[in-house]
Structures are given as C-alpha cells and as structure tokens.
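Dear colleague,

Please find below the sequence and structure that I am handing over to you. My notes on what was found follow directly after.

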Amino acid sequence: MKRKDVLTWDEYFMGLAHLSALRSKDPVTQVGACIVSDDKKVVGIGYNGLPKGCDDDVFPWGKEGDYLNTKYPFVVHAELNAILNSGEDLRGCSLYVSLFPCNECAKAIIQSGIIRVVFEDDKNFKSDAAAASRKMFEAAGVKYEKLSYRLKLNVEKIENV
Ligand SMILES: [Zn+2]
C-alpha cells in the first residue's frame with residue numbers, strides 16, 4: 001500500500017518557500033518564494049536578502065530612522081530574487097510566496113510572465129502597496145489565491161553524525 005498522508009503540491013511548494021525563508025538574515029521578516037512551471041518543476045527559489053557583494057554585517061537591517069540607515073533601499077524581496085535566480089522562461093508559471101507581494105514585486109511577477117500567485121500571509125493586505133499589487137494583477141490577468149491554511153515547517157538542523 002502506498003503512503004496516503006503525503007504533502008499536496010501546494011504544501012510541497014509552499015514548504016520550499018518556507019525552507020528558503022529560513023536563509024533570510026532579516027531579523028523581523030523572513031519571506032520565501034518558489035516558482036513552479038505548469039508541469040510542476042521548480043524553476044526558481046529565493047528569500048529576502050541583500051544583493052551580491054553587499055555585506056550582511058555592514059548594511060543596515062533596521063526599519064526606523066533615515067532611509068539610508070534602514071533596510072528598505074537595499075533588500076531584494078524573495079519574489080524578485082526567485083525571478084532573478086531562475087534564468088528560465090517564466091511564462092505560464094506559478095509563484096508560491098509566504099507573504100502577499102508588494103507592488104514592486106508585482107511588477108516583476110507580471111513582466112516575467114507568471115500567471116498565478118499563491119500566498120499565505122496577508123497581514124499587509126490593507127497597505128497601499130498590496131492594493132497596487134492587486135490592481136495590477138487584476139489588470140494583467142494574474143490570478144492570486146490565498147492558501148486556506150498556514151503551513152508550519154518544523155526543520156531540525158542536520159547534524160553531522
Ligand atoms: Zn516585494
């Protein structure tokens with residue numbers, strides 16, 4: 001008899017997004033994203049972090065104060081990192097992300113040809129940025145859907161044995 005209590009595809013891909021988020025150095029918000037082709041192949045994965053060459057220990061991670069002393073001008077969001085890390089044609093793909101995309105990521109999602117966004121957390125849904133994302137997704141025909149449950153990923157660090 002085969003196992004029946006396996007992960008669904010949605011759980012699997014959102015789980016990969018969560019695993020990726022565990023790499024984020026952001027002390028407040030860790031976001032992960034995973035891009036999947038229509039035949040269920042993972043074609044991109046990312047988390048929120050600094051661009052290459054920008055030292056995690058030198059650049060700021062705070063949210064308050066002068067703009068240049070906050071993380072905001074510097075951090076690449078998970079969705080954009082997943083798109084940029086892919087190097088594949090993303091037309092027709094789905095993007096799984098742990099937090100609803102901001103307007104800047106929404107632009108990149110639309111322009112890359114992604115047609116479906118599956119998200120989990122919508123705590124930012126009332127923000128102007130999220131409203132702009134929805135407006136653009138709807139105009140561009142990008143479907144967005146919330147997972148009906150929150151995944152919990154329990155990862156134990158692998159120990160050398
Ligand atoms: Zn974003």
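Two strands are said to pair if DSSP finds at least two bridges between them, and the strands themselves (E, at least two residues), like the helices (H or I, at least four residues), are DSSP runs numbered from the N terminus. This is a predicted model, in which local features need pLDDT of at least 70 and side-chain atom pairs count only at pLDDT 80 or more, whereas totals for chains, interfaces and linings use all residues. Residues are numbered from 1 along each chain as its sequence is written, and side-chain values use heavy atoms, with hydrogens and water left out.

The sheet

On that definition, β4 and β5 pair in the parallel sense over four bridges. They belong to an open sheet of five strands, ordered β2-β1-β3-β4-β5, with mixed pairing. Its edge strands are β2 and β5 (143-146), each of which pairs on one side only. On average, neighbouring strands are turned by 15 degrees against each other, direction ignored; the axes behind this angle are lines fitted to C-alpha atoms (for helices over the stretch in contact), and angles run from 0 to 180 degrees between N-to-C directions.

Strand β1 pairs with β2 in the antiparallel sense over five bridges. The two form a hairpin with five residues between them, and K40 in the turn has a positive phi of about 70 degrees. Strand β1 also runs antiparallel to β3, to which four bridges join it. C34 has a bridge partner in each of these neighbours: I45 in β2 and Y96 in β3. In β5, K143 stands opposite R116.

Five of the five residues of β1 are buried, where buried means under 20% relative accessible area, exposed over 50%, and partly exposed in between (1.4 Å probe, protein chains only). G32, C34 and V36 point one way from the strand, while A33 and I35 point the other way.

The cores

A nonpolar core is here a set of buried Ala, Val, Leu, Ile, Met, Phe, Trp, Tyr and Cys residues joined through side-chain atoms within 4.5 Å. The largest has 23 residues, of which I35, I114 and F137 touch the most other members. Two or more residues come from each of β1 (32-36), α2, β3, α3, β4 (116-121) and α4 (128-140). Helix α3 gives the most, with four residues. A second, separate core has nine residues, among them M14, A17, C34 and L147.

Which residues does I35 touch, not counting those up to four places away in sequence? Its contacts are K41, V42, V43, G44, A82, I83, L90, C93, S94, L95 and I114, with contact meaning heavy atoms within 4.5 Å.

S94 lies in strand β3 and counts as buried, at 12% relative accessibility. Leaving out residues up to four places away in sequence, S94 touches C34, I35, V36, I114 and R116. With R116 there is also a side-chain to side-chain polar contact of 3.1 Å. A polar contact is a pair of N or O atoms within 3.5 Å; within protein, one must be able to donate a hydrogen and the other to accept it, and residues adjacent in sequence count only if both atoms are side-chain atoms.

The helices

In α2, the buried residues are A78, E79, N81, A82, I83 and S86, and they pack against β1, β2, β3 and α3. G87, with a positive phi near 75 degrees, follows α2. In α3, C105, A106, A108, I109, I110 and S112 are buried, and their cover includes α2, β3, β4 and α4. Just after α3 comes G113, with a positive phi of about 95 degrees.

The zinc site

The protein donors of the zinc ion are H77 (ND1), C102 (SG) and C105 (SG), at 1.9 to 2.3 Å from the ion. Donors are N, O and S atoms within 2.8 Å of the metal (3.2 Å for Na, K and Ca); water is not among the atoms, so sites may look incomplete. Along the chain, the donor spacing is H-x24-C-x2-C. H77 is partly exposed, with a relative accessible area of 35%, whereas C102 is buried at 16% relative accessibility.

With kind regards
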